[in-house]
Amino acid sequence: MTYWVIFVLASWLAVFLLLRFQGIKEYWPAALISTLVVYVVDIKGVELGAYRFEQAFLINGVPVIYLVTVAALGLIYMRFYPRGHWEQLVYIIFIAGLFLFVEYLMMKVGNFQHNNNWNLLDSYVLDLFGLMIISWLSTRVKVQEPLERRLRKRAKI
């Protein structure tokens, strides 16, 4: 449980340092979308027996504290989501790699475990598709619009 607490505290500290309260106010839909997408995907992963979470209070097999962390990471993810298509592709590949590294660490400390034939490559592919879905849904609800408006205002000054 200790590592889950460290993970959630570090994530929200990063949010307050990188986005502050104004950023949270602007990007909160990304937090909600990220949490819902990850929750649905992980419920299925747990139900299918691909993996399981350990040492945390679980709802349908998914740790509540993990979902709180996902909300924070969704805020940061969409705050720095690039505008260009090639940059978006590189960004998604890079962020999926970071998430895979965190998953590996969580496995090493005993908070997460692969079952059956699931492996890190499967997780990486799942992360890629999950991030694409989060990106697509977040841009559909115009999560980035406040930042773009702010940049236009700065350019006019």
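Arg20 is found in helix 2, where helices (H or I, at least four residues) and strands (E, at least two) are DSSP runs numbered from the N terminus. The model is predicted, so local features need pLDDT of at least 70 and side-chain atom pairs count only at pLDDT 80 or more, while totals for chains, interfaces and linings use all residues. Residues are numbered from 1 along each chain as its sequence is written, and side-chain values use heavy atoms, leaving out hydrogens and water.

Although Arg20 is not a glycine, its phi is positive, at about 60°. Arg20 is also exposed, with a relative accessible area of 54%; exposed means over 50%, buried under 20% and partly exposed in between, for a 1.4 Å probe and protein chains only. Further along, helix 2 bends by about 65° at Tyr27, with the proline Pro29 following within four residues. This bend is the angle between axes fitted to the seven residues ending at a residue and the seven starting there. After helix 2 comes Gly49, with a positive phi near 80°.

Asn60 sits in the loop between strand 2 (58–59) and strand 3 (62–63) and is exposed at 52% relative accessibility.
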